[in-house]
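The sequence and structure are shown below.

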Amino acid sequence: RQPDGRGNEWPCDPMEPIERLTFDIQECIQQGNFDELLKKSQQLEKMTLGLSFTEEKAQNSLFQMLALLLKGDLDNARFLWKRLPAAAKSKPHIARAWAVGKSLWKRDFPSFYTACNYTWPAAPRVLVEALIAKTRQDQFELVGRAYSKVSIADVMARVGLSSEQVQEAAQRFGWAFDSERGFLAPAPIPKEDENQGPHSHFEYLARMTNIVVGIDS
């Protein structure tokens with residue numbers, strides 16, 4: 001509580017607004033609430049406009065960049081990169097996050113998975129793993145809708161997985177595989193069984209992310 005100058009006391013948050021937002025952002029990452037993470041990181045950017053550049057501001061820029069990529073908002077990710085000061089762009093983690101975003105912008109998926117193959121700090125690693133899993137899911141679903149026949153090499157490039165892993169996924173989706181010619185016969189991926197829970201077809205994709213994502217020791 002704090003006095004209002006007339007003898008009354010009003011309740012107040014014991015944390016300063018910037019500290020509160022920083023705390024909330026970390027909670028959003030831990031809870032996997034990436035939409036709320038984006039909102040709060042954008043609020044924090046506005047709140048700290050005009051303040052000197054700090055490691056905390058750099059960290060928030062990194063979180064905001066990855067949250068925008070998770071949302072598929074490549075335009076605003078590019079605008080964020082453009083307005084960052086040189087001191088932020090020189091930070092290795094931020095530069096690598098933009099390399100991830102730039103490869104998505106160009107739809108260069110092999111470069112995307114290469115850019116993700118990096119020793120991320122623990123919190124950004126959560127976001128990168130989610131982004132890899134989402135990208136793989138999106139590409140598998142696209143192939144299922146758009147192709148009647150596709151080479152397994154093409155799918156491997158799109159999802160960043162080995163031939164064996166792509167074949168495993170295809171089997172789960174009920175896609176036929178011509179092993180002699182190296183072609184898949186995709187079909188639209190069926191909707192999830194409500195008894196299996198949401199995205200059960202893709203749970204194993206998230207587990208595969210440790211193939212390409214490291215973590216600081």
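Which residues in α3 meet which residues in α6?

## Contact of α3 with α6

In this predicted model, the α3 side of the contact consists of Ala 58, Ser 61, Leu 62, Met 65, Leu 66 and Leu 69, which meet His 93, Ile 94, Ala 97, Trp 98, Val 100 and Gly 101 in α6. These contact residues divide into nine nonpolar, three polar and no charged.

Helix α3 spans residues 55–71 and helix α6 residues 92–105; their axes come within 9 Å and cross at roughly 15°. Because angles under 35 degrees count as roughly parallel, α3 and α6 are described as roughly parallel to each other. The crossing of α3 past α6 is left-handed.

## Aromatic pair of Trp 81 and Trp 98

The count of aromatic pairs comes to six. One of these is the stacked pair of Trp 81 and Trp 98, with 6.0 Å centre to centre and 15° between the planes. Trp 81 belongs to helix α4 (residues 74–83) and Trp 98 to helix α6, so the pair links distant parts of the chain, 17 residues apart.

Trp 81 counts as buried at 17% relative accessibility, and Trp 98 counts as buried at 10%.

## Aromatic pair of Phe 140 and Phe 173

Phe 140 and Phe 173 form an edge-to-face pair, 5.2 Å centre to centre with 75° between the planes. Phe 140 lies in helix α8 (residues 122–146) and Phe 173 in helix α10 (residues 163–173), so the pair ties together parts 33 residues apart in sequence.

Phe 140 is buried at 0% relative accessibility, and Phe 173 is buried with a relative accessible area of 5%. Together with Trp 175, Phe 140 and Phe 173 form one aromatic cluster.

Terms used: Residues are numbered from 1 along each chain as its sequence is written. This is a predicted model: local features need pLDDT of at least 70, side-chain atom pairs count only at pLDDT 80 or more; totals for chains, interfaces and linings use all residues. Side-chain values use heavy atoms; hydrogens and water are left out. Axes are lines fitted to C-alpha atoms, for helices over the stretch in contact, and angles run from 0 to 180 degrees between N-to-C directions. Helices (H or I, at least four residues) and strands (E, at least two) are DSSP runs, numbered from the N terminus. Angles under 35 degrees count as roughly parallel, over 145 as roughly antiparallel, 65 to 115 as roughly perpendicular and the rest as oblique. A crossing is left-handed if the near helix is turned anticlockwise from the far one by less than a right angle, and right-handed if clockwise. Contact means heavy atoms within 4.5 Å. Ala, Val, Leu, Ile, Met, Phe, Trp, Tyr, Cys and Pro count as nonpolar, Asp, Glu, Lys and Arg as charged, and the others, Gly among them, as polar. Rings of Phe, Tyr and Trp (its six-membered ring) pair if their centres lie within 6.5 Å; planes under 30 degrees apart count as stacked, over 60 as edge-to-face and the rest as tilted. Buried means under 20% relative accessible area, exposed over 50%, partly exposed in between (1.4 Å probe, protein chains only).
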